Number of protein chains: 2
Amino acid sequence: MDYKKMLVNDHVKPYLLKARYGIEKESKRVDLSGNLAKTDHPKSISQQDDHPYIQRDFSELQMELITPVTDTLNELFDYLAAIHDVAYRSMGENEMLWPLSMPPQLPEKDEDIVMAKLKSAENVRYRQSLSNSYGRRKQMLCGVHFNFEFGDELIQALFNAQSEIKEYQHFKTEIYLKATRNYLHYRWLVTYFYGASPRSEKNFFEENLLNEVVRSIRSSKYGYTNSKDVQVSYSSIQNYVSDLSSMVKRGLLSAEREFYSPVRLRGGHHVSELEDNGIRYIELRNIDLNPFETYGISYEQAEFLHLFLIYLLWKDEGENSDEWVKIGECYNDIVALEHPLEHTQFEKEAKKMIDEMKHLATILNLTISDTLFVHLKEMLMDPSKTLAGRLFEESEKCSQRQLATSIAKENYKKSWDKPYQLAGFTDMELSTQILMFDAIQQGIQVEILDRQDQFLKLKLKEHVEYVKNGNMTSKDNYVSTLIMENKTVTKKILQQHGFRVPKGKEFQTIEQALRSYDLFSSKPFVVKPKTTNYGLGISIFKEGSNYEDYQKAIILAFKEDSSILVEEFLKGTEYRFFVLDDRVKAVLLRVPANVKGDGKHTIEELVMQKNRNPLRGRDHRTPLEIIQLGELENLMLKAQGYQVNSIPKMDEIIFLRENSNISTGGDSINVTDLIPDDYKKIAVDAVASLGAKICGIDLIIENGNKNAYGIIEANFNPSMYMHIYPYKGETRRLTMHIIHYLFPELLHSQSN
Amino acid sequence: MDYKKMLVNDHVKPYLLKARYGIEKESKRVDLSGNLAKTDHPKSISQQDDHPYIQRDFSELQMELITPVTDTLNELFDYLAAIHDVAYRSMGENEMLWPLSMPPQLPEKDEDIVMAKLKSAENVRYRQSLSNSYGRRKQMLCGVHFNFEFGDELIQALFNAQSEIKEYQHFKTEIYLKATRNYLHYRWLVTYFYGASPRSEKNFFEENLLNEVVRSIRSSKYGYTNSKDVQVSYSSIQNYVSDLSSMVKRGLLSAEREFYSPVRLRGGHHVSELEDNGIRYIELRNIDLNPFETYGISYEQAEFLHLFLIYLLWKDEGENSDEWVKIGECYNDIVALEHPLEHTQFEKEAKKMIDEMKHLATILNLTISDTLFVHLKEMLMDPSKTLAGRLFEESEKCSQRQLATSIAKENYKKSWDKPYQLAGFTDMELSTQILMFDAIQQGIQVEILDRQDQFLKLKLKEHVEYVKNGNMTSKDNYVSTLIMENKTVTKKILQQHGFRVPKGKEFQTIEQALRSYDLFSSKPFVVKPKTTNYGLGISIFKEGSNYEDYQKAIILAFKEDSSILVEEFLKGTEYRFFVLDDRVKAVLLRVPANVKGDGKHTIEELVMQKNRNPLRGRDHRTPLEIIQLGELENLMLKAQGYQVNSIPKMDEIIFLRENSNISTGGDSINVTDLIPDDYKKIAVDAVASLGAKICGIDLIIENGNKNAYGIIEANFNPSMYMHIYPYKGETRRLTMHIIHYLFPELLHSQSN
């Protein structure tokens with residue numbers, strides 16, 4: 001087939017970069033000094049053997065982080081970051097991930113390396129057989145596996161651009177076989193640029209097998225390879241499958257999955273299915289951990305691999321395919337064992353290939369990072385810029401162990417810095433980020449259906465749940481949320497069920513409202529737009545009001561909405577009850593933005609101090625908001641006889657806002673355990689009367705007056721993060737409650 | 001107690017007009033010639049004995065229409081109108097309601113008057129005993145019962161404005177007793193103004209008992225009264241209760257409910273409960289049907305009664321209360337038996353009372369219709385303007401029977417004129433009106449929680465369901481509606497479940513969209529804003545497109561929304577499938593606005609003709625919309641080589657619009673039975689995959705190509721009226737399906 005012609009076909013071009021990706025990345029858990037962890041896999045991570053994101057590899061302390069399959073590299077790296085965040089913060093504060101492919105110092109005795117404590121007997125047996133054949137030390141090597149699939153539309157377009165092969169699946173398999181053979185032949189280029197295992201730590205080799213410093217121990221013959229007798233042909237899928245099965249039959253491999261080729265052909269659960277299904281994607285396994293990247297591989301590396309595979313499709317291959325592959329192995333071993341600062345023996349060839357790739361990218365109109373080729377050329381000219389070169393040079397300043405430990409610590413800090421965030425998805429709503437964190441931890445597959453819209457698909461085995469904005473779910477019925485959306489309807493229904501709500505009337509015109517002045521004038525009352533929005537248009541009259549002020553308030557409210565409410569004003573303190581499935585899961589007191597005097601600092605300084613709390617930020621992307629000193633705050637200070645440069649007395653509390661919204665700098669205080677059960681029962685019963693399952697209901701409780709309460713509002717998409725990261729008091733992990741409510745089988749399986 | 005002082009108290013005044021109302025109105029069913037109907041109570045009306053709105057009175061052909069209790073007179077009359085509409089259209093097209101209190105010609109034999117065929121044995125027994133005591137003819141009198149309750153806040157304020165009575169319930173009872181005694185004394189005034197039974201038709205009296213024409217047979221001693229021996233004191237609640245129970249014990253009444261006082265005291269199911277509960281409201285029973293009002297009583301009459309009761313509270317009463325009441329009976333009998341055109345004997349007294357009422361209304365700041373006192377004075381000066389006077393004078397021109405028949409026919413026509421509307425609630429959404437109609441018919445209590453918001457509470461016995469916009473209910477789960485609200489998410493989920501949806505991409509920027517030109521250019525595709533709005537910003541390219549036109553379309557779409565979709569364009573015809581609870585209940589074809597030529601008329605004339613269809617109107621208050629001849633229609637005509645004054649050939653169809661929305665004059669065609677089951681299964685399965693229970697799903701079906709379909713959209717609040725009143729084809733009563741879905745017990749009880 002004329003690949004060159006096919007690739008430049010106009011019907012093929014639009015789809016050239018269409019692909020699907022996946023990454024598996026192994027890392028060892030170490031303590032904060034860089035010693036192998038002695039602990040079990042973290043309990044907070046669901047222990048299922050087939051956890052979709054976080055598994056154990058050979059050893060109990062070897063974490064394998066697995067991204068889902070994605071359609072873009074951006075998404076791929078978002079998930080990789082997120083899964084790292086979950087892994088880090090699930091391990092707890094005494095552990096971190098080792099950033100190198102080569103393990104840190106190993107125990108002297110092989111058997112002191114603890115095998116993964118998996119549930120499935122077969123998985124345990126398999127690890128035992130590996131231990132017997134290769135020893136446990138070799139199993140401690142870590143790396144990145146890069147799963148790659150050409151887009152369906154691309155293969156379809158290529159198929160249509162030729163006429164030699166009539167059968168689509170056959171064609172597809174041929175595409176992957178060509179790319180694979182060329183990859184095996186030319187993989188020394190990857191080893192040159194991205195090899196990153198120049199030397200071993202103590203006890204990795206039983207004897208001093210390798211004393212030189214190299215580019216990549218892991219990719220060399222000293223890495224994790226099968227015995228020399230294991231030979232598998234890539235000339236056709238039939239040969240590949242039959243060779244593999246004969247290796248197993250002859251006992252050279254304990255199972256097909258023991259075949260450690262740098263490229264694995266994938267098409268089903270078992271290799272035998274490849275013959276029926278054809279190749280669906282390939283797994284590149286020869287990638288060392290990139291120690292300079294928090295997540296072990298850079299975006300640019302992935303982009304390179306993608307482009308490299310297209311280039312390898314385009315590039316001619318040798319006629320004898322088995323020989324072609326075999327030569328590749330030799331070349332790679334040469335490059336892998338070169339000194340990291342040495343120019344490679346294949347420099348000229350490499351330069352030619354990079355030029356060809358660049359040319360190809362131009363003629364095919366491929367959109368790739370501007371800097372990719374700049375960096376590749378730099379690395380080619382200057383070996384100290386390759387990963388192995390950099391790692392070697394920096395290790396020389398101290399030791400590889402020290403370097404790795406300090407890199408690990410930086411990654412560790414980064415993950416703990418803002419523990420409420422989920423790396424990769426920090427543009428999303430905070431509650432959704434926390435929910436995704438918990439879902440990943442629990443082994444629930446998280447798919448983002450609409451990122452701007454915070455729309456998730458959660459999947460646990462065959463059980464699917466959709467969630468929007470963190471807690472809009474299938475558990476609530478539709479009309480019940482519509483009830484809560486309408487204050488008048490909510491009040492009517494609560495009242496019909498015997499709950500205390502502020503008495504009041506709805507008005508559609510100013511005239512109507514004015515005519516009812518007599519009904520409200522003499523008691524405390526509040527005037528507000530039917531749809532409120534951060535307190536705009538609200539007037540409170542705690543002692544009743546004269547006609548003029550009433551009129552002004554009415555006009556003000558009508559500026560915000562076409563309907564307004566005039567209501568009895570209830571005295572007391574307002575609490576937010578978070579009710580889930582007929583239980584109060586959290587109660588929060590929200591206090592208006594304030595500072596506490598120390599007799600020394602000005603109000604402005606106290607605000608600055610308070611704002612330094614890492615929980616405070618902007619735009620609902622942190623659990624608390626920065627306290628402002630704007631017009632409203634200055635007015636409020638003035639009313640109390642203060643200015644921004646006044647110095648409040650020791651322990652004096654200065655309020656900067658009338659309203660207690662967290663969004664305007666208010667403090668959130670968890671009071672769940674302080675609230676009497678009577679009120680919790682009222683909250684639960686009131687929510688039930690609205691037919692709601694997930695609800696934030698606001699009660700005014702009159703201090704000291706038992707059973708004097710009023711229900712102000714019921715919210716169908718209540719904020720969760722303010723309960724999870726309160727300013728004061730214990731956390732209430734509401735996102736986890738939501739997950740357990742949606743997937744009760746999780747609790748069930750845990751109690752088994 | 002000094003009622004005068006209490007009423008002018010400033011704390012009382014704001015609440016003076018607060019009250020609750022209810023109306024019961026009896027009417028006989030007649031055929032279109034004005035003869036008593038021979039049919040049973042309509043089958044379409046739920047047959048329960050305790051139907052909340054439509055019951056049978058003594059006879060099977062006597063309908064009793066009952067409003068719910070309301071807080072305003074406006075609401076009261078809205079319900080009265082609505083219940084009439086349901087009664088009319090449930091009886092079918094061969095019957096109507098007799099507008100007079102006096103029955104039309106009765107059968108010669110008493111036993112030919114058919115008693116109500118009720119389920120409860122006790123109800124049947126009671127009617128048999130009435131038949132025995134009074135004869136069946138007397139039972140055929142009809143009237144209005146006006147239930148009246150002073151507002152709670154009013155009674156509370158009055159209670160606080162005095163100190164004589166310490167106990168609230170006792171005070172409340174005294175209030176009602178005073179009003180009742182004065183009403184019984186002065187009720188002749190009501191008889192003068194609103195009496196409306198001047199003469200009887202054949203066979204009402206067994207002998208020619210009364211030959212004169214009078215003001216009100218029904219309110220006179222010839223009406224429906226107990227025997228003279230039945231005497232009950234209103235001096236205190238204790239006396240009232242003990243007198244009544246002694247009448248029953250002595251056999252003068254078969255039951256307490258046989259006591260036919262013009263005012264009944266109400267406080268519980270049984271009279272005996274009055275002593276414990278006190279009086280809760282009173283029932284005025286001496287109101288003749290007003291033949292000149294479609295619903296038997298006018299708003300002004302109700303206003304008069306309300307004001308009259310306040311006036312009677314204010315007005316002094318006689319010292320001996322039993323005598324005071326007894327004198328009232330004599331006065332009333334005198335006025336009732338005066339000739340309708342004769343000035344009343346009590347004219348002077350009446351004039352004084354009306355002046356007092358007017359004065360009272362002024363000093364108490366009561367807001368009432370400007371015309372009330374004008375009309376009262378007119379009637380006082382000119383007896384021919386009273387109801388009895390008018391009825392007598394108009395009957396003289398033909399006969400009372402003819403007059404009543406023609407009035408009945410007008411009412412009948414009015415109800416059938418726009419059968420899709422529900423009188424009283426025509427400001428509401430059409431689907432909600434139809435749903436309310438069906439609910440009332442089925443005996444479900446309908447409460448409007450928010451009229452602007454189309455928010456209903458439906459109640460059947462203890463079962464409550466809330467409904468917004470006709471079909472937003474508790475049956476759908478929240479996230480499923482959120483899925484449907486988001487086109488991208490809907491498509492993803494449908495696709496993941498294996499359904500065919502147009503392939504496409506979402507873009508947030510023009511640049512992104514332009515970069516993907518190659519993906520779409522060569523095939524049919526459509527560019528549209530993510531949130532569509534009556535077709536704005538949509539461009540269709542049936543043959544693919546060049547780059548310039550693609551760019552224009554992208555820019556156009558971004559003018560309507562911040563996200564746009566570019567999608568494969570599917571060829572075929574679009575159908576709307578209405579799916580309810582996993583079944584297709586209706587399939588509709590929507591055809592763009594069009595006219596059919598007759599070879600004679602111009603397009604403009606044909607449009608006018610087509611618009612005469614009473615189904616066509618404006619603003620979604622009719623099942624179809626008026627076809628416009630605006631800019632878009634003219635452009636469309638021009639493109640086809642026509643103008644508005646062109647004359648299309650016989651049977652030529654001229655389309656006036658590209659889009660098929662009913663809202664722009666499109667035709668709705670029911671095709672439910674024509675669509676193959678395969679497609680119905682696809683619709684049902686697709687809706688199920690979204691987790692939806694009530695959904696309007698749009699399928700494009702390629703004509704003649706089996707299984708070639710695509711799903712365009714899923715709507716969570718699909719319009720119903722267009723299926724119920726289609727332009728062509730059978731009706732599909734979706735509102736009734738919704739009601740049976742919400743209240744399955746209705747089907748259950750029907751099958752029993």
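**Figure 1. Salt bridges in the predicted model.** Over all chains, the structure holds 80 salt bridges, a salt bridge being a side-chain nitrogen of Lys or Arg within 4 Å of a carboxyl oxygen of Asp or Glu. This is a predicted model, in which local features need pLDDT of at least 70, side-chain atom pairs count only at pLDDT 80 or more, and totals for chains, interfaces and linings use all residues. Residues are numbered from 1 along each chain as its sequence is written, chains are lettered from A and ligands numbered from 1 in the order in which they are written, and side-chain values use heavy atoms, with hydrogens and water left out.

**Figure 2. The pair A:Arg29 and A:Glu95.** A salt bridge joins A:Arg29 to A:Glu95, with 2.8 Å between the closest N and O atoms. A:Arg29 belongs to strand 1 (residues 19–31) of chain A and A:Glu95 to strand 4 (residues 95–97) of chain A, so the pair ties together parts 66 residues apart in sequence. Helices (H or I, at least four residues) and strands (E, at least two) are DSSP runs, numbered from the N terminus. Both A:Arg29 and A:Glu95 are buried; buried means under 20% relative accessible area, exposed over 50%, and partly exposed in between (1.4 Å probe, protein chains only).

**Figure 3. The pair A:Lys457 and A:Glu447.** The closest N and O atoms of the salt bridge between A:Lys457 and A:Glu447 are 4.0 Å apart. This pair links distant parts of the chain, 10 residues apart, with A:Lys457 in strand 9 (residues 455–460) of chain A and A:Glu447 in strand 8 (residues 445–450) of chain A. A:Lys457 counts as buried because its relative accessibility is 12%, whereas A:Glu447, at 29%, counts as partly exposed.

Figure 4. B:Lys552 and B:Asp549 form a salt bridge in which the closest N and O atoms lie 4.0 Å apart. Both residues are in helix 20 (residues 547–558) of chain B, three residues apart, about one turn of the helix. B:Lys552 is exposed, at 57% relative accessibility, and B:Asp549 is partly exposed, at 31%. Elsewhere, A:Glu574, A:Arg576, A:Arg590 and A:Asp698 are joined into one network by salt bridges that share partners.

**Figure 5. The interface of chain B and chain A.** The contact (heavy atoms within 4.5 Å) takes 40 residues from chain B and 40 residues from chain A. Between them the two chains bury about 3300 Å², 59% of it on carbon and sulfur atoms; buried area is the accessible area (1.4 Å probe) that two parts lose on being put together, summed over both. Two salt bridges are found across this interface. In the salt bridge of B:Asp450 and A:Lys530, the N to O distance is 2.7 Å.

**Figure 6. A:Leu289 in a loop of chain A.** A:Leu289 sits in the loop between strand 7 (281–288) and helix 9 (299–314) of chain A. With 1% relative accessibility, A:Leu289 counts as buried. Neighbours within four places in sequence aside, the residues in contact with A:Leu289 include A:Lys25, A:Trp98, A:Cys142 and A:Gly296. The C-alpha atoms of A:Leu289 and A:Leu265, 24 residues apart along the chain, are 22 Å from each other.

**Figure 7. Two residues of chain B with positive phi.** B:Asn469, a residue other than glycine, has a positive phi near 50°. B:Asn469 is placed in the loop between strand 10 and helix 16 of chain B and is buried, at 12% relative accessibility. B:Asp619 is not a glycine either, and its phi is positive, about 60°. The loop holding B:Asp619 runs between strand 18 (616–617) and strand 19 (624–625) of chain B; B:Asp619 is exposed, with a relative accessible area of 58%.

**Figure 8. B:Glu633 in helix 22.** Helix 22 (residues 631–639) of chain B contains B:Glu633. B:Glu633 is buried, at 3% relative accessible area. Apart from neighbours within four places in sequence, B:Glu633 is in contact with B:Gln628, B:Leu656 and B:Arg657.
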